[in-house]
Amino acid sequence: MKKTLLSIMILFQSVYSMAQQQLAFPFQGGKDVMTQFFKDSLTVSPDIIQKKAIGTVFFKFTADQKGAITKMIVYYADDAILAPPIIEALKKSNHQWIIPNHEKTHDFIIPFTFGFSLPATNNLKLQKTLYNNYRNHNPIIATDQVPLNEATLLPVVVVSYDITQ
């Protein structure tokens, strides 16, 4: 009886492992291609650079069977100024998304983190600009909950930009 139970458990574990290996990353080409796509497609606006805006933005979007984006929602943004470049980049990603299990639509959650390269020297003007941006930023916070059991959480896309002193 123990051998039979052990054999069944091993069989289930191997089937589960095979199923995990068969799941494709939901962007055509995989995670590295998605990261490179957003690195190439996302353009940091001059306004973001001028304000030295930093922070995180969480987007939820829906893709259809053809991989086209049908709906976008900002669930959280440290500053509203960070959302427009992401919207433009997501629009460029139409027909790149892979829908699991032949669903009609599927929701994805993707976080973006914005930051800039620090200059080599300490700069009081930069510190003042960062402080003013932090004091005056305009966050976006969604009031409804994210249905995690019905959405796929994608890896963080890191957006780094250079500032001029």
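Is Ser41 buried or exposed? Ser41 counts as buried because its relative accessibility is 10%, where buried means under 20% relative accessible area, exposed over 50% and partly exposed in between, with a 1.4 Å probe and protein chains only.

## Ground rules

This is a predicted model, in which local features need pLDDT of at least 70 and side-chain atom pairs count only at pLDDT 80 or more, while totals for chains, interfaces and linings use all residues. Residues are numbered from 1 along each chain as its sequence is written, and side-chain values use heavy atoms, with hydrogens and water left out.

## The overall plan

Let us start with the outline. The protein has five helices and six strands, and along the sequence they follow the pattern α-α-α-β-β-α-β-α-β-β-β. Helices (H or I, at least four residues) and strands (E, at least two) are DSSP runs, numbered from the N terminus.

Of the 165 residues of the protein, 34% count as buried. Among contacts with a separation of 6 or more, 82% come from residues 24 or more positions apart; contact means heavy atoms within 4.5 Å.

Leaving aside neighbours within four places in sequence, Ser41 is in contact with Ala89 and Lys92.

The axes of H2 and H4 come within 10 Å and cross at roughly 125°; axes are lines fitted to C-alpha atoms, for helices over the stretch in contact, with angles from 0 to 180 degrees between N-to-C directions. That angle makes H2 oblique to H4, since angles under 35 degrees count as roughly parallel, over 145 as roughly antiparallel, 65 to 115 as roughly perpendicular and the rest as oblique. The contact is made by Phe37, Phe38 and Ser41 of H2 together with Ala89, Leu90 and Lys92 of H4. By class, the residues of this contact divide into four nonpolar, one polar and one charged. Here Ala, Val, Leu, Ile, Met, Phe, Trp, Tyr, Cys and Pro count as nonpolar, Asp, Glu, Lys and Arg as charged, and the others, Gly among them, as polar.

## The nonpolar core

The largest nonpolar core has 33 residues, and those with the most contacts inside it are Phe38, Trp97, Ile110, Phe112 and Phe114. Such a core is a set of buried Ala, Val, Leu, Ile, Met, Phe, Trp, Tyr and Cys residues joined through side-chain atoms within 4.5 Å. Two or more residues each are given to this core by H2, strand S1 (55-64), strand S2 (69-77), helix H4 (83-92), strand S3 (105-116) and strand S6 (157-161). S3 gives the most, with five residues.

Pro111 lies in strand S3 and is buried, with a relative accessible area of 4%. Beyond four places in sequence, Pro111 touches Val57, Phe58, Leu153, Leu154, Pro155, Val156 and Val157. Pro111 and Tyr75 are 36 residues apart in sequence and 9.7 Å apart in space, C-alpha to C-alpha.

Ala77 lies in strand S2 and is buried too, with a relative accessible area of 0%. Leaving aside neighbours within four places in sequence, Ala77 is in contact with Thr56, Val57, Pro139 and Ile140. From Ala77 to Thr113 there are 36 residues in sequence and 9.7 Å in space, C-alpha to C-alpha.

Asn133 lies in helix H5, residues 124-136, and counts as buried at 11% relative accessibility. Asn133 touches Lys51, Lys52, Ala53, Ile54 and Asp79, not counting residues up to four places away in sequence. Asn133 and Lys52 are 81 residues apart in sequence and 7.3 Å apart in space, C-alpha to C-alpha.

Lys52 belongs to the loop between helix H3 (46-51) and S1 and counts as buried at 11% relative accessibility. Although Lys52 is not a glycine, it has a positive phi of about 55°. His95, in the loop between H4 and S3, has a positive phi of about 65° although it is not a glycine. His95 is partly exposed, with a relative accessible area of 43%.
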